[in-house]
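The following note sets out points on the structure shown below. Each point is intended to be read with the sequence and the model at hand.

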Amino acid sequence: MRRRDLLRMTTATAVAGAAGVPTLDTVTFARDAGAAGTPAVTRTVSGRLPAGAPDYVYLPVEVPPGVREIAVAYTYDRPAVPAGTQGNACDIGIFDERGTALGGAGFRGWSGGARTEFAISAERATPGYLPGPVRPGTWHVVLGPYTVAPQGLAYEVTVTLRYRAEPGAPGGTAPSGATPRPVYPPQRARGRGRAWYRGDNHLHSVHSDGKRTPAEIAAAARAAGLDWITTTEHNTTSAHAAWEGLWGDDLLVLTGEEVTTRNGHVVALGTDPGVFIDWRYRARDGAFGRFARRIRQSGGLVVPAHPYATCVGCNWKFGFEDADAVEVWNGPYTPDDEMAIAAWDAMLVASVRDGGRWLPAMGNSDAHREPQVVGLPQTVVLADDLSRQALQAGIRAGRSWIAESSAVKLSFEVTGGRGKHASIGERLEVGRDTPVTARLEVSGVPENCTATFVTDQGPLFTTAVGAGAIEWRTTPSYAAYVRAEVRHPAAGGGAPGMPGPMVAMTNPVFLGER
């Protein structure tokens, strides 16, 4: 779609926007409205976006001095569409007077399609948005037409400015207060020294499209037996300061973001509190590498999320060159996860073939609301202590495995050659023809589960999970790596050759000299 088509089909005349993004006519307010004693002024604009509209359209709002609060509400139509055709869905957010530059400082909030209205003042903001002074200048409401029906998307945006009144003026109130200083979670909890720690690193609250409060998530994490969680709201950092009083010696809370682009989602895991990662690009723009570096510069890990999810914009299109790990299991086990694990395993094969780096696997719940289960699944990481730095080091090294719940206990190692041994994420450096033994111990799993040892040739040994350890022997010349899977029985007996849902899985142990 050419930009002039968008301009022709909107009721407001548009002008060129930042970074080529179409920008609608500026919404203006009388600069003396507050001085005249008017407590609030409202403007409403409407227009229509065509099918094939740009990903984002800016609505400039000229904010005069003396404004205490800016409030925005919007609606859009939802016409009937033919079967198999996407209907209308439109996201919303806002940037302040500092501008809309990609990755710039002007970001003040995003609610996607989760809210129809929001407000920002110095003292407070709607969840998803950042409190702070409403300074004069040009702000930009951002409309994100996620999907547009063939008939187009008719929208209406209402902007209300509430003014400060001088103390003692008729109907006046005191000037707005100071912005609360954010209180962020600590980067370390007491922990148990070097140990296996359980975490869920993909969670949503009322600060994006979730329904749980941070307090409810913290309670659910403790009930699930987790040691740590990461808050990862869609395209906003507003939840980073929402956990005061909810962490403790028994629960570490890390900050992050689910960077939700139109070509896939990435979990920015453990970024510095308050650091915003932009999402306004597609794979064809060549911008992802820049923001992957930004995630790492702010202390985070780059983790592509649910790479084979079927929702619009969820399928991962950026490649894995910039990733630190990949989320292969997201929520209750589905065929999407089976595809993700198969693709990840193919990357393992490529790494041993080419001698390149390998990408560790993770699992997270992506829980938004009841009855979605926090900690289903969870990543279990071997770390030197319960801290951001130690946990990230364990994830990056692949010293981790994934379980459907904290009831599942697992131990996996490979031994051979004069007492040598290697655990998950490590390499057993022995000769090509040295016999080695893979040993799996697992408990806390449901009845009738099976355990499988998977190599670069595929599954080579499967047996029922019993009371004792499971062992299998091979050599590095026969298997370049070995990893373990524990699965439920296939539903209804399953199709021939189709495995059941996952109970637990490990990252690999590599075999042979480098």
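Predicted model: local features only at pLDDT ≥ 70, side-chain atom pairs only at ≥ 80, totals over all residues.

1. Does Arg293 count as buried, partly exposed or exposed? At 47% relative accessibility, Arg293 counts as partly exposed, where buried means under 20% relative accessible area, exposed over 50%, and partly exposed in between (1.4 Å probe, protein chains only). Arg293 belongs to helix H3; helices (H or I, at least four residues) and strands (E, at least two) are DSSP runs, numbered from the N terminus.

2. Residues are numbered from 1 along each chain as its sequence is written, and side-chain values use heavy atoms, with hydrogens and water left out.

3. Helix H3 spans residues 288-297, and its buried residues are Phe288, Gly289, Phe291, Ala292 and Ile295. These buried residues line one face of the helix, because they fall within an arc of 165° when seen down the axis of H3; the arc is that of the directions from the helix axis to the C-beta atoms. They pack against strand E14 (264-269) and strand E15 (301-304), contact meaning heavy atoms within 4.5 Å. Just after H3, Gly299 takes a positive phi of about 85°.

4. The largest nonpolar core has 32 residues, and those with the most contacts inside it are Ile70, Val72 and Ile94. A nonpolar core is a set of buried Ala, Val, Leu, Ile, Met, Phe, Trp, Tyr and Cys residues joined through side-chain atoms within 4.5 Å. Elements giving two or more residues to this core include strand E3 (40-49), strand E5 (67-76), strand E6 (89-95), strand E8 (117-121), strand E9 (137-147) and strand E10 (153-163). E10 gives the most to this core, with six residues. Apart from this core lies another, of 28 residues, among them Phe412, Val430, Val436 and Phe453.

5. Which residues does Val72 touch, not counting residues up to four places away in sequence? Among them are Ile92, Ile94, Phe118, Val141, Val157 and Val159.

6. Strand E6 is mostly covered, with six of its seven residues buried. E6 and E9 run antiparallel and are joined by seven bridges; two strands pair if DSSP finds at least two bridges between them. Ile94 stands opposite Val141 in E9. Four bridges join E6 to strand E7 (residues 107-112), again in antiparallel fashion, and the bridge partner of Ile92 in E7 is Gly112.

7. An open sheet is formed by four strands in the order E3-E10-E5-E8, with antiparallel pairing. E3 and E8 stand at the edges with a single partner strand each, so one side of each is left without a neighbour in the sheet. Neighbouring strands of this sheet are turned by 15° against each other on average, direction ignored; the axes are lines fitted to C-alpha atoms, for helices over the stretch in contact, and angles run from 0 to 180 degrees between N-to-C directions. E3 and E10 are joined by 10 bridges, and Leu49 stands opposite Leu153 in E10.

8. A search of the whole structure finds 25 salt bridges, a salt bridge being a side-chain nitrogen of Lys or Arg within 4 Å of a carboxyl oxygen of Asp or Glu. One of them joins the side chains of Arg190 and Asp249 (3.0 Å, N to O). Arg190 lies in the loop between E10 and strand E11 (195-203) and Asp249 in the loop between strand E12 (228-231) and strand E13 (252-261), so the pair ties together parts that are 59 residues apart in sequence. Arg190 is exposed, with a relative accessible area of 64%, whereas Asp249 is partly exposed at 47%.

9. Arg388 forms a salt bridge with Asp272, the closest N and O atoms being 2.9 Å apart. Because Arg388 lies in helix H5 (residues 388-397) and Asp272 in the loop between E14 and H3, this pair ties together parts that are 116 residues apart in sequence. Arg388 is buried, with a relative accessible area of 15%, and Asp272 is partly exposed, with 28%.

10. The side chains of Glu485 and Arg483 also meet in a salt bridge (2.8 Å, N to O). Both partners are buried: Glu485 at 7% relative accessibility and Arg483 with a relative accessible area of 2%. Elsewhere, salt bridges that share partners join Asp96, Glu97, Arg98, Arg108 and Arg135 into one network.
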